[in-house]
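Welcome, and thanks for taking a look at this one with me. Below are some numbered notes to read alongside the picture.

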Amino acid sequence: MAALALVLAPLLLLLAIPAAAPARATLPAAAVGPTAGTLGCRLYFNDAGTGSSPTVWQDTFTLTQSPAEPKVGDTVTVTLTAKTGPDNGPVGLNAGDVPVNVTLALEGSLSGSATLRMSSYPARAVAPEAPLGPITATGTYFAAAAGAATLTVGRVTFTNASATTHCSAAGDRDHKAAPAPTSIVESFTVGGTGTATPPPSPSASASASPSPSLPPPTTNAPPPTTNAPAPTATDEVDTPAQPFGPKSVKLNCKTLSSLSSWTATHTLSMSPSNPGRGAKVTVSLKFSAGPKSGPVPVGAGDLVPKATVKVGGVGSGTVNLQGPAYGAIDANAILPGATLTGTYTTSQAGLVSLTVTNIVFDHPQVDTECNAGADPVTGPAATSIVAKFTVKSRAATGDEGDGGGGGNGDGSLPTTGEGGVTALLLLWSSAVLLLGVGLVVVLPRRRGIPRS
């Protein structure tokens, strides 16, 4: 027994000694969880309306921040994880179809909000009614003041080109317009004394949330003529852009009264992908092949591909994209692929969306218009070709201000003039010669290629 007492005594002594500072620093930064939680969700088509198809999302959540005990002036990285993710709906999804955005409320000594993102989700293709898979969404906030503070998960948004799902605390409500704070709450203390000035930003978040319930976007405009704030030494981390594609897209096209479909692989991207305010961003749309030409050859230089891109999120307006004119095209030939470019000037910090609303094949006599509408001319509809990128709160650097690419650079689209009596006669003669069918045509507004 004496020998046993000698063995246990050192062990008890070790257990009684408080952990030293170095050992404490190695502790995980998890502040909440893993803990089981339940959220309520609603589906919003094109992110409009009050939502429908209420569902329940039960999962195991963990909220962490690093450093775990921030001090005044720190830029803190926050991560929310979910073990299984919500269940998919009745339609299968491809990998990356549903980016995730999480809105956090900062309270106590801190105020404002932070946005966490997982730009590519799910990680793999998911069958209908199956769990979408684990979530890891990350973002930052600035610790501006000392004292007790809290981080509360307010809303989780799953964005998709055609349908968005908003989730908040359990229960059925309009989770987009009236989210209720969840029970995922971290309490902590910001060390140090006094306050610190964060980098210029519309909020405490790394970048603004894309939700329409936040302050409305400002009108897109050229860079301000007043002296813009210089880039700050402390800046947000780069936020990965969300380009579209390469992905197959089916659109409808119309030439005069002739309707047809067009399927091609489209890619929509932007450069730079994480610019500052006042930067000139080049927007590029690439498609693998155009639609089919009509029964008459098209002369070299007569056909020019153009596109309209709508700017949303914290920007507004439209961007004109244009590609090089086609060479000579044989009758009934598939048009070659093309790359269309234009420029857009950023204005406000936050998430910007780019949506292709119309693609036009411009011809001196007759236009062909392609979009997602059943009748692309009388009932046009925006396509599913949507890309997103984040504008930082700092001012644009010199390189970003120079921009690049084609287009008119002012974020607007040129208009085409009315054809007058001469163009009307040309249109009627072209309709009879190329299409060989009887048409009822009002004074033409567009021009384009004949279609078979």
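1. A residue is called buried here when its relative accessible area is under 20%. On that basis, 43% of the 452 residues of the protein count as buried. Please keep in mind throughout that this is a predicted model.

2. Now for the overall make-up. The secondary structure consists of four helices and 18 strands. Among contacts in the protein with a separation of 6 or more, 75% are between residues 24 or more positions apart. The exposed surface comes to about 20,700 Å², and carbon and sulfur atoms supply 60% of that area.

3. How many disulfides does a search of the whole structure find? The search finds two. When the bonded cysteines are numbered in sequence order, they pair as 1-2, 3-4.

4. Let us take the pair Cys41 and Cys167. Their sulfur atoms are 2.1 Å apart and form a disulfide, and the link is right-handed, with 110° about the S-S bond. Because Cys41 belongs to strand β1 (residues 30-45) and Cys167 to strand β8 (residues 163-169), the pair ties together parts that are 126 residues apart in sequence. Cys41 is buried, its relative accessible area being 2%, and Cys167 is buried too, at 0% relative accessibility.

5. The other pair is Cys253 and Cys370, joined by a disulfide with an S to S distance of 2.1 Å. Cys253 sits in strand β10 (residues 244-255) and Cys370 in strand β17 (residues 368-371), so that distant parts of the chain, 117 residues apart, are linked. The torsion about the S-S bond of Cys253 and Cys370 is about 110°, so this disulfide is right-handed. Both Cys253 and Cys370 are buried.

6. On to charged side chains: the count comes to five salt bridges. One of them joins Lys247 and Asp97, whose closest N and O atoms are 3.2 Å apart. Lys247 is in strand β10 and Asp97 in the loop between β3 (75-82) and β4 (100-108), a link between distant parts of the chain, 150 residues apart.

7. The side chains of Asp375 and Lys254 meet in a salt bridge of 2.8 Å, N to O. Both Asp375 and Lys254 are buried.

8. Lys306 and Asp362 form a salt bridge as well, with their closest N and O atoms 3.0 Å apart. This pair runs between strand β13 (residues 304-313), where Lys306 lies, and strand β16 (residues 350-362), where Asp362 lies, 56 residues apart. Lys306 is partly exposed, with a relative accessible area of 23%, while Asp362 is buried at 9%.

9. Finally, do have a look at Arg155, which is found in strand β7 (residues 145-158).

Terms used. Residues numbered from 1 in each chain as written. Predicted model: local features only at pLDDT ≥ 70, side-chain atom pairs only at ≥ 80, totals over all residues. Heavy atoms only, no water. Disulfide = S-S within 2.5 Å. Helix = DSSP H or I, 4+ residues; strand = E, 2+ residues; numbered from the N terminus. Buried < 20%, exposed > 50% of the residue type's maximum accessible area, 1.4 Å probe, protein only. Contact = heavy atoms within 4.5 Å. Areas by Shrake-Rupley, 256 points an atom, 1.4 Å probe, with all protein chains shown as cover. Salt bridge = Lys/Arg side-chain N within 4 Å of Asp/Glu carboxyl O.
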